[in-house]
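Biologist: I am new to this structure and would like to go through it with you step by step. Could you show it to me before I ask anything?

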Amino acid sequence: MSISIKTAREIEKMRHAGQLLEKVHDELGKAIHPGMSTWEIDRLGEKIIRSFGCVPNFLNYNGYPASICVSVNQEVVHGIPSKKRILKEGDIVSLDAGLIYEGYHSDAARTHAVGEISPEAQKLIRVTRQAFFEGIKYAKAGHHLHEISAAIGTYAESFGYGVVRDLVGHGIGTHLHEDPQVPNFAQPSRGIRLQPGMTLAIEPMINAGRPEVRWLDDEWTVVTEDGSISAHYENTILITEGEPEILTLSHPEDTL
């Protein structure tokens, strides 16, 4: 396992990549409404990313055909945008996006309500988001990686939710996916010791029902096995000597 420790110069580039991606998510969140196609979300997201002089890092990644992963209701991640998929009142939609700024990647995901949604769906979105913050309480130099994993899983499972096992978070830097993998559930080992300069994409993927998932025939879209709804929340973070720095979220308290 080769884990990169970023220099001050690299951190500055990743910080800027994260700030730009936050703006992308903010704009997409404002734009979502019933009647919008998932294709329109993708078009808008790519347009904003390119307006910053950046490149969408998901486009053509291992053959993925779009810039924004748009996953609706029981779709967990990697939904492929389509002109035929129209958002309707009561849906929840997860947007996973990333961009490359001067060779450095950022990666973040948000789950949004489409119009008025059920209290159950609101709770799932809220708990999934909070699971991220429970995890990063341990994202400090000297702690071990799997303390993050255990905190995320324990919190989400305390609500009776299923924590996806088949997909995990990851290191990030000059590549979208780097070592180490970051599971969202307790592990048998403590994992690596965290060091300042590590950059990680922490991303709870939480199902209202069981944790099992399956892939659709398009070989990208991951859905819950039991048809329950799923939420996704992700940020790129930097390990420091003290509290972790969230590179893709400047005001965590604004959206509580």
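Predicted model: local features only at pLDDT ≥ 70, side-chain atom pairs only at ≥ 80, totals over all residues.

Biologist: In the hairpin of β4 and β5, which residue in the turn has a positive phi?

Modeller: Strand β4, residues 92-101, pairs with β5 in the antiparallel sense over 10 bridges, and isoleucine 100 has histidine 105 of β5 as its bridge partner. Two residues lie between the strands of this hairpin, and the one in the turn with a positive phi, of about 45 degrees, is glutamate 102.

Biologist: How many of the 10 residues of strand β5 are buried?

Modeller: Buried here means under 20% relative accessible area. By that cut-off strand β5, which covers residues 104-113, is mostly covered, and the number of its buried residues is nine.

Biologist: Which elements give two or more residues to the largest nonpolar core?

Modeller: This core has 22 residues, and those with the most contacts inside it are Ile41, Val93, Leu95 and Leu99. Leaving aside neighbours within four places in sequence, valine 93 is in contact with residues including Ile32, Val70, Leu87 and Val114. The elements asked for are α1 (8-31), α2 (38-51), β2 (69-72) and β4.

Biologist: Which strands stand at the edges of the open sheet of five strands?

Modeller: The sheet has the order β8-β7-β9-β14-β15, with antiparallel pairing. Within it, β7 and β9 pair over two bridges, and glycine 171 stands opposite leucine 200 in β9. Two strands have a single partner strand each, so one side of each is left without a neighbour in the sheet, and these edge strands are β8 (178-182) and β15 (245-246).

How values were computed. Residues numbered from 1 in each chain as written. Heavy atoms only, no water. Buried < 20%, exposed > 50% of the residue type's maximum accessible area, 1.4 Å probe, protein only. Helix = DSSP H or I, 4+ residues; strand = E, 2+ residues; numbered from the N terminus. Pairing = 2+ DSSP bridges. Core = buried A, V, L, I, M, F, W, Y, C linked by side-chain atoms within 4.5 Å. Contact = heavy atoms within 4.5 Å.
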